[in-house]
Amino acid sequence: MKYQNKISHLFLYGSDLQKREKEVLEDASKRLGFVPGSLIDRSSWWSSREIGAFRYEGEFEGKRAVLKIQGVRPRTSEIYMIQSFSKANKSKILRAPLLYSCLPWDNGKRYEALVLEFVDGKPIINSPVTAVELNEFFSLRNEYKKNCVVLPWVEKPKELLSEEIKINFTKWREASFKLYPKHPLRRESDADLINNAINILKENYKNAEREFQHGHFGASDLLKIKNGQVIILSNLYWSWKPPFYDAVFGYHWFIYHLAQLKKPTIELIEEQRNLWFSKINSLAKTGEDKKLLNLALLERAAAGLNLDALSVDPKSPIAEYLVEKTRRNLKELIEKQSRV
């Protein structure tokens, strides 16, 4: 059994994949027999220019396919993650993309490559989202909780969850100031707010048990294909997370990505937020559930104020609102915990 990945931490080690893209694409394509076509996307950390991976559409053995290059070495390969998920998966609806061929990590060439099926699918969630789409998204979350995570294939961390929280925020704070040494929307008082949240999380997670989850269960990671099956992407992120992390992760990033709409408004953002919360809040069935759900929201709000909200383009007309709303949400969640 392998160890879980900490993809966000890899940013601090730096990446030169953006400079090697053409060279690596040619080398991997030749070795695998892949005929590259057009670029699909590049994966960067937050809004940095450094990329950790890229994907090209093309052809493999007469089939339409995707070549994914991973140019920063993860602790555990996505090759292993996809193969293990496919083996352990009990769902008839959800599955990983088919893996046609691969090249394990090469220390000399500094990349690993995966040739995957081309997923001609539609996102479960669009932006803006509808109540119908959210119903399907959370129905699929129920399906995945029942059938995709029963047999974990990643080793449970030995460190306490409270210790992991401390390590994560130390890394994320370093990343925040590396990316944005002088962000116009950051306030000096934010550091105290975030520290307050970290202390609450450390205290309340002392005896909490992690759950095996997809650590990137978001709006862009579920694609429905013609036969009704849904493909789960971002398989590097299978890991052990706090309870309800996979219930709030999608909402967390969806709200920030609304800034990318042509004419985002505060009214739209709050309408969308309310739609998400009508589903998220219904997941807490007991008092303990409510406590754990609020802690998951607190963790994401602190991460948002530290860095995630700051990754919204400051030129966006709603950037300031999104950061300030994150700040207010964090204050409210801290106050709620102090009353428990």
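**Ground rules.** I number residues from 1 along each chain as its sequence is written, and side-chain values use heavy atoms, with hydrogens and water left out. Since the model is predicted, local features need pLDDT of at least 70 and side-chain atom pairs count only at pLDDT 80 or more, while totals for chains, interfaces and linings use all residues.

**Helix α6.** I started with α6, residues 245-257. Helices here are DSSP runs of H or I with at least four residues, strands are runs of E with at least two, and the numbering goes from the N terminus. From first C-alpha to last, α6 reaches 18 Å, close to the 18 Å expected at 1.5 Å a residue (the expected span is 1.5 Å times one less than the number of residues). Is α6 largely enclosed or open? I found 12 of its 13 residues buried, so α6 is largely enclosed by the rest of the structure. Buried means under 20% relative accessible area, exposed over 50%, and partly exposed in between, with a 1.4 Å probe and protein chains only. Among the buried ones are Tyr 245, His 252 and Trp 253. They pack against several elements, including α3, α7 and α8, where contact means heavy atoms within 4.5 Å.

**Helix α3.** Next I looked at α3, which has 17 residues (131-147). Its buried residues include Phe 137, Phe 138 and Tyr 144.

**The cores.** Which residues touch the most other members of the largest nonpolar core? I got Trp 276 and Leu 330, out of 91 residues. Helix α8 gives this core its largest share, 11 residues. A core is a set of buried Ala, Val, Leu, Ile, Met, Phe, Trp, Tyr and Cys residues joined through side-chain atoms within 4.5 Å. Not counting residues up to four places away in sequence, Leu 330 touches Leu 193, Leu 298 and Leu 305, among others. I also noted a second, separate core of 17 residues, with Leu 25 and Tyr 111 among them.

**The sheet.** I traced an open sheet of four strands, ordered β4-β10-β9-β7, with mixed pairing. The edge strands, β4 and β7, each pair on one side only. Strands pair if DSSP finds at least two bridges between them; β4 and β10 do so in the parallel sense. Arg 95 has Ile 231 as its bridge partner in β10.

**Asn 168.** Last, I checked Asn 168 in helix α4. It counts as buried because its relative accessibility is 9%. Leaving aside neighbours within four places in sequence, Asn 168 is in contact with Lys 6 and His 9.
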